[in-house]
Amino acid sequence: MKSLLIKYLFIVINKFFGPAVNAAQAIGNTVSSQCNTLSGSLTGALWPAITNMYGAKEMDKMRSFVYRACRLGPMLIMLFALPLSIEIDEVLKLWLVNPPRFTAGLCLISMIYAVVDMSSMGYAIAVHASGNVSRYQMAVGGFNLLTFPAALFVAYLGCNVYWIMIAVACLRFVMGLIRIKYARRIVGLSGLYWVRRVFLPILLIGCISLLSGVLVRSFLSPSFLRVCITTGATEICFLPVSCLFL
């Protein structure tokens, strides 16, 4: 379903903005996928464990693993995405020399999209572990189908490609809230816990880490050395702040 909707999204972008912008979106998806690799491995490792705990009726332990997946998944994406987002222009020049227009912005939005999606993935795993997925799949799948008409509507309004991807990211966030709603109803997971211990800490950690990297970047001239120094400064701030708030 997700891959099919991405293909439809490419069709909309190609129709309204041309192949150059479509290429920029493809690069953004590639960057997002690479940042998501480690986080996806974590999800794959936790899925059978959460399923087994639900089957064994170890509900407290299962909830602990679900919350851990929701916290660690986005953090593993941010580990790469935060320094990359600060130096995205320089990295794209080093990688592609002359990247297509909109590439940097689409990469940033795609990385935000990946973090938002992963932040509620633990709740989705818990719902699937219960086996009671018929209404959940109808709700999530039906809402997911809105991606294509939403992108088409925004394009017809005359907005640029950034707004199409922002609309898709917002839909993904709402779909995450739907996951949380069904997980609370079916498995008894807390929605308030997600806000207090997942969403707000991730937002705070991201802002603090980005600020440290941006401050270092402002004192240096564009170069590969600046990319390395900015990355180091961002990670040095990110790791202890993550331990403090998570």
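Modeller: The nonpolar patch is formed by Leu 192, Val 195, Phe 199, Leu 200 and Leu 203, and together they have about 420 Å² of accessible area. Accessible areas come from the Shrake-Rupley method with a 1.4 Å probe; for residues, only the protein chains shown count as cover. A patch takes residues with over 30% relative accessible area and no salt bridge; nonpolar side chains (Val, Leu, Ile, Met, Phe, Trp, Tyr) are joined within 5 Å, like charges within 9 Å. A salt bridge is a side-chain nitrogen of Lys or Arg within 4 Å of a carboxyl oxygen of Asp or Glu.

Leu 192 sits in helix H10, residues 191-217. Helices are DSSP runs (H or I, at least four residues), numbered from the N terminus. Leu 192 counts as exposed because its relative accessibility is 54%. The cut-offs are these: buried is under 20% relative accessible area, exposed is over 50%, and partly exposed is in between (1.4 Å probe, protein chains only). In an α-helix there are 3.6 residues a turn, so residues three or four places apart point the same way.

A word on the source. This is a predicted model: local features need pLDDT of at least 70, side-chain atom pairs count only at pLDDT 80 or more, and totals for chains, interfaces and linings use all residues. Residues are numbered from 1 along each chain as its sequence is written, and side-chain values use heavy atoms, with hydrogens and water left out.

Now compare a charged patch. Arg 135, Lys 181, Arg 184 and Arg 185 form a positive surface patch. Lys and Arg count as positive, Asp and Glu as negative; His and the chain ends are not counted. Each charge is placed at NZ of Lys, CZ of Arg, CG of Asp or CD of Glu. Helix H9 (residues 161-186) gives the most to this patch, with 3 residues. Lys 181 lies in H9. Lys 181 is partly exposed because its relative accessible area is 40%.

Next, two loop residues. Most residues other than glycine have a negative phi. Lys 57 is not a glycine, yet its phi is positive, about 60°. Lys 57 lies in the loop between H2 and helix H3 (59-86). Lys 57 is exposed, at 61% relative accessible area. Phe 102 also has a positive phi, near 75°. Phe 102 is in the loop between helix H4 (88-96) and helix H5 (103-118). Phe 102 is buried, at 16%.
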